[in-house]
Amino acid sequence: QPVLAVVGRPNVGKSTLVNRLLGRRQAVVKDTPGVTRDRVSYDAVWNGRSFTIVDTGGWDPDAEGVYASVTSQAEMAMSAADAILLVVDANVGSSATDEAAAKVLRRSKRPVLVVANKVDDQRAEAEVAELWSLGLGQPYPVSALHGRGSGDLLDEVLRAFPETPRERFGGGGGPRRVALVGKPNVGKSSMLNKLVGEQRAVVDETSGTTVDPVDSLVELDGEVWRFVDTAGLRRRVKTADGTEYYASLRTKAAIEAAEVVIVLIDGSNPLTEQDLRIISMVIESGRALVIAYNKWDLVDEDRRRSLEKEIDRDLVQVRWAERVNVSAETGRAIGKLAPSLRRALESWDQRISTGRINSWISDIVAAQPPPVRGGKQSKIMFATQAHTRPPTLVLFSSGFIEAGYRRFLERRFRESFGFEGSPVRVVVRVKE
Ligand code: GDP
């Protein structure tokens, strides 16, 4: 669900506003002592849409001067939120601190709304216009105390939230996009033909730029999927030295165009560098992944054992990916592909609420704090899943967090919340 961050100087009425936005029934209680010394995120609902409100003011535990603290609030809001409220006291007007925060926020790609608080009556509204000077567009007058204008503000917030990230992939309920990739001769075309099977291949007429349609719509397990760039599989371009053009450049493009990728590997032969490179491409591009060992009809007991060793040795970094052992030749286990694709996409789309993540991280850090470096103990103050597709965990920390500890957190994140089939990113923001 989308995250709304609330930024502002002390005493402008942030907490009162958050309380107001949450509705009467829900009192703001600062709880969960621990790393996040005061918990700052709350679940809110408006017009049937739920979202998370983060009060960034509660985040900064170090006394470091209001000016710096508001600027760092703004920075945190930019990386963590889908929309931001900059709360200003309309009676005071914009101060140097508000202007500094506005300057940071103007660089933000997220929508920012200026909230002119303490506008308790009609008279005060005249003063609001002055806040246009912050360069963030129209100020919204509210009275957090009396509730004046808060409904309009929430309507505006919902409008400001981006459409579901699904949009990025031309979503809106269309077929999910699958790439079928692998080095030459692993059986990609055979697999596509098998998947299409006896059923009529449903081709997409619209996307073909040349005579060939680029993608194929394929029905698997009662659902239509868009296999991207199957033209590349059908029309094989052999270069002079016999290598396939498809193998390099087009693989990358197909991965980028897809949401989930099936990497086909020849199970009957040893794993190669090229297989690993293709898997790395998928991880780097952050797509969901299913690994399919093809030609399983040729795999005997001996090969099976050596393959298990290869997996333990070379595929540790994708332990989270589901593996299916298939045969394009015999049709073995091909029915398992669609459920694996679905599970991978579910993880890829999954969003854990900021509240759950913060109680999770406080438990972990309490049990095993980040290692002390140079006599200093870094504190993790706040964590949020800033993105899905792929899931991205953002940690706000008082100091450097080393890669080993980041990997540890990623492992624990997966253990606690799943994410099978999807890469997970862990990003650390250090607040100096
Ligand atoms: P591509 O280059 O990845 O598209 O691979 P092809 O689909 O052209 O297959 C390469 C060769 O492997 C062909 O001779 C296929 O008949 C064979 N092949 C593909 N899948 C299987 C399989 O599951 N089992 C066996 N035994 N052979 C396969």
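The following dialogue goes through selected features of one predicted model.

Visitor: What does the chain contain in helices and strands, and what share of the residues is buried?

Guide: This predicted model has 13 helices and 16 strands in the chain. Of the 432 residues, 41% are buried. As for contacts between residues at least 6 apart in sequence, 72% of them join residues at least 24 apart.

Visitor: How should I read burial along a helix? Which residues of H1 are buried?

Guide: The general idea comes first. An α-helix has 3.6 residues a turn, so residues three or four places apart point the same way. In helix H1, residues 14–22, the buried ones are Lys14, Leu17, Val18, Arg20 and Leu21. These residues cover an arc of only 160 degrees around the axis, which puts them on the same side of H1. Just after H1 comes Gly23, with a positive phi of about 95 degrees.

Visitor: Which residues are buried in H6?

Guide: In H6, Lys188, Met191 and Leu195 are buried. Viewed down the axis of H6, the buried residues fall within an arc of 60 degrees, so they line one face of the helix.

Visitor: What does H6 contribute to the shell around the ligand?

Guide: Helix H6 (residues 188–196) supplies three residues, the largest share of that shell. There are 16 residues around the ligand, and Gly187, Lys188, Ser190, Ala328 and Glu329 come nearest. By type, the shell divides into five nonpolar, seven polar and four charged residues.

Visitor: Now strands. Which way do the residues of S1 point?

Guide: In a regular strand the side chains alternate between the two faces of the sheet. In S1, Val3, Ala5 and Val7 point one way, while Leu4, Val6 and Gly8 point the other way, and all are buried. S1 is thus described as mostly covered, with six of its six residues buried.

Visitor: Which strands pair with S1, and in what sense?

Guide: Strand S1 (residues 3–8) pairs with S3 in the parallel sense over four bridges. S1 also pairs with strand S4 (residues 83–89) in the parallel sense, over five bridges. Leu4 shows both pairings: it stands opposite Ile53 in S3, and its bridge partner in S4 is Ala83. Ala5 stands opposite Val54 in S3. Strand S3 (residues 49–55) has five of its seven residues buried, so it is largely enclosed by the rest of the structure.

Visitor: Is Phe419 buried or exposed?

Guide: Phe419 counts as buried, with 22 C-beta neighbours inside 10 Å. Its place is in the loop between helix H13 (403–417) and S16. Phe419 has a positive phi of about 75 degrees although it is not a glycine.

Visitor: How do I read the surroundings of a single residue? What does Val290 touch?

Guide: Val290 belongs to strand S12 (residues 288–294). Val290 is buried, with 26 other C-beta atoms within 10 Å. Leaving out residues up to four places away in sequence, Val290 touches Val260, Ile262, Ala321, Glu322, Val324, Leu337, Ser340, Leu341, Ala344 and Gly421. The C-alpha atoms of Val290 and Ala338 are separated by 10.0 Å, the two residues being 48 residues apart along the chain.

Technical notes. Residues numbered from 1 in each chain as written. Predicted model: local features only at pLDDT ≥ 70, side-chain atom pairs only at ≥ 80, totals over all residues. Near = placed C-beta within 6 Å. Helix = DSSP H or I, 4+ residues; strand = E, 2+ residues; numbered from the N terminus. Nonpolar A, V, L, I, M, F, W, Y, C, P; charged D, E, K, R; others polar. Buried ≥ 20, exposed ≤ 12 C-beta atoms within 10 Å, placed from the backbone. Arc of directions from axis to C-beta. Pairing = 2+ DSSP bridges. Contact = placed C-beta atoms within 7 Å.
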